[in-house]
Amino acid sequence: MLCYTYFMIERIIFDWKRTLYDPSEKTLLPGAEQVLRELAEQSFDMILIGKGQDDMDEVIDALDARKYFRVVHFVAAKSDELFGRYIPPEKPETSLVVGDRAQGEIAIGKSLGARAIWVRTGQFSDEMPLPDVPPPDETIEDIASLLGSPLLDLQHH
Ligand SMILES: [Mg+2]
């Protein structure tokens, strides 16, 4: 008999630069707005943890994208402590981290037991996952592909 416990994803922790936002074009990446809108409509608890300071707070407001998130953090450096606030230790698999840095937010999320989807694109696409951390659960080529992820199981959410 096949027997396992399947945890539904309840919250999604997004990276900002090169995951949702293109810092060279200063716009949302193609498909990002639709992804955020659809996931927010599906009642996922959405958290943004991006690198940046007041400049990025201004940008996210100018792009009218803050409304999709319950919490927005722009920080100088990402930390286990900050991610740990959104990854419950008793069931870390209910949190999903989405980002473009295999050795950044993806490594932090996996080391804390969360699920992670690596958006392997752009400047950091050759940065490989760390050998001493579980690998990302899934790799996609662009943020628009997130809606097709079996991890999100959108039909049944
Ligand atoms: Mg990034």
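In helix α1, the residues Ala32, Val35, Leu36 and Leu39 are buried, where buried denotes 20 or more other C-beta atoms within 10 Å of a residue's own, exposed 12 or fewer, and partly exposed a count in between, with C-beta atoms placed from the backbone. Viewed down the axis of α1, these buried residues fall within an arc of 95°, so they line one face of the helix; the arc is that of the directions from the helix axis to the C-beta atoms. The model is predicted: local features need pLDDT of at least 70 and side-chain atom pairs count only at pLDDT 80 or more, whereas totals for chains, interfaces and linings use all residues. Residues are numbered from 1 along each chain as its sequence is written.

**Helix α1 and its surroundings**
- Helices (H or I, at least four residues) and strands (E, at least two) are DSSP runs, numbered from the N terminus.
- The cover over the buried residues of α1 includes β1, β3 (27–28) and β4.
- Serine 43, which follows α1, has a positive phi, near 70°.

**Nonpolar core**
- A nonpolar core is a set of buried Ala, Val, Leu, Ile, Met, Phe, Trp, Tyr and Cys residues joined through C-beta atoms within 7 Å.
- The largest such core has 37 residues, of which Ile13, Leu20 and Val98 touch the most other members.
- Two or more residues of this core come from each of β1 (11–14), α1 (32–41), β4 (45–51), α2 (54–62), β6, α4 (105–111) and β7.
- Leucine 20 is in contact with Phe14, Leu28, Leu29, Ala32 and Ile143, leaving aside its neighbours within four places in sequence; contact requires C-beta atoms, placed from the backbone, to lie within 7 Å.

**The sheet**
- Six strands form an open sheet in the order β5-β4-β1-β6-β7-β8, with parallel pairing; two strands pair if DSSP finds at least two bridges between them.
- At the edges stand β5 (71–75) and β8 (138–140), each with a single partner strand, so one side of each has no neighbour in the sheet.
- Neighbouring strands of the sheet are turned by 20° against each other on average, direction ignored.
- Strands β6 (residues 95–99) and β7 (residues 115–119) pair in the parallel sense over four bridges.
- Valine 97 stands opposite alanine 116 in β7.

**Arginine 120**
- Arginine 120 lies in the loop between β7 and β8.
- Arginine 120 counts as partly exposed because it has 18 C-beta neighbours inside 10 Å.
- Not counting residues up to four places away in sequence, arginine 120 touches Ser125, Thr139 and Glu141.
- Arginine 120 and alanine 102 are 18 residues apart in sequence and 8.2 Å apart in space, C-alpha to C-alpha.

Note on methods:
Axes fitted to C-alpha atoms, helices over the stretch in contact; angles between N-to-C directions. Contact = placed C-beta atoms within 7 Å.
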